[in-house]
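Hi everyone, thanks for coming. Let me put the structure up and we can walk through it together.

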Amino acid sequence: MAVAAVAAGGGGGGELRLRLLGTWSSPWVIRVRVALGLKGLSYEYLEEDLASKSDLLLRSNPVHGKVPVLLHGGRPVCESLVILEYADEAWPAAGPRLLPSDPYDRATARFWAAYVNDTFLPAYRALFRSLTEEQRAAAFENAVPKVEVLDRALAECSKGKAFFGGDAVGLVDVALGSHLVWIRVVDEVGGTNLLDGARFPGLAAWAERFLAVDAVREVMPDAGKVLEQYKGFRAKWIAAAGSTST
């Protein structure tokens, strides 16, 4: 398990050690790394090998055995959206708030973050896993209406400002934006354009703004390395599909 210290300027509540268990390309882990960066919190990053999970990971998340896991003073917090809200509550004075102060706006942000997880990502996953032109076309057709909904949500939540969170990156921005490199890699391999700038100019412009944020640029995985990883995944899926069809 590789270990790296990640230092960030500022922050508060630093009397208890912060450690993050993750994998370099996971967009769910990237969510947490972006949030910690926005908060200016220093932490120790531990790279997990999911093919040979560490005892620390299995002890810290015995229910699912998944990353990310944030260890705060040795106590584990699991699931990316849960961790984002925990960081916002545990360090309210550190960096921008990920959730609005107004209860209705806070509920709205939670709704759209849940929409990303429960509706958009399953549709996108079908595109991610598609192996044939027919599968890809059907998955793309199914995913586009979900993008249309997110495009309208951006207009509603941002109130004409830069991000879903308004002037600053918020919960929904992190929830969706941390998948952008993977979305673009899947587009490149499949010849699709999910966040088409001609069709969704607001969302496409938002994506560029999000990727330009310092806390995002510092932790986003290299697109070339993600592309190679995705090609490796596809080769295994194609081989498995061939073995089951013979």
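Let me begin with a question: does E44 count as buried or exposed? E44 counts as buried, because its relative accessibility is 17%, and buried means under 20% relative accessible area, exposed over 50%, and partly exposed in between, with a 1.4 Å probe and protein chains only.

A word on the model. It is a predicted one, where local features need pLDDT of at least 70 and side-chain atom pairs count only at pLDDT 80 or more, while totals for chains, interfaces and linings use all residues. Residues are numbered from 1 along each chain as its sequence is written, and side-chain values use heavy atoms, leaving out hydrogens and water.

Back to E44. E44 makes a salt bridge with R17, with the closest N and O atoms 2.4 Å apart; by salt bridge I mean a side-chain nitrogen of Lys or Arg within 4 Å of a carboxyl oxygen of Asp or Glu. This pair links distant parts of the chain, 27 residues apart: E44 is in strand 3, and R17 is in the loop between strand 1 (2-6) and strand 2 (18-22). Helices (H or I, at least four residues) and strands (E, at least two) are DSSP runs, numbered from the N terminus. R17, R19 and E44 are linked in a salt-bridge network.

Another salt bridge joins K161 and D167, with 3.5 Å between the closest N and O atoms. K161 is partly exposed, at 45% relative accessible area, and D167 is exposed, at 60%.

Now to the inside. The largest nonpolar core has 58 residues, and F120, Y124, F164 and W206 are among those with the most contacts inside it. Such a core is a set of buried Ala, Val, Leu, Ile, Met, Phe, Trp, Tyr and Cys residues joined through side-chain atoms within 4.5 Å. Helix 4 (residues 103-129) gives the largest share of this core, 11 residues. There is also a second, separate core of 22 residues, including L56, V77, I83 and A87.

What does L176 touch, leaving aside neighbours within four places in sequence? L176 is in contact with V116, F120, L150, F164 and W206, where contact means heavy atoms within 4.5 Å. L176 sits in helix 6 (residues 171-177) and counts as buried, because its relative accessibility is 5%.

That's my tour, so over to you.
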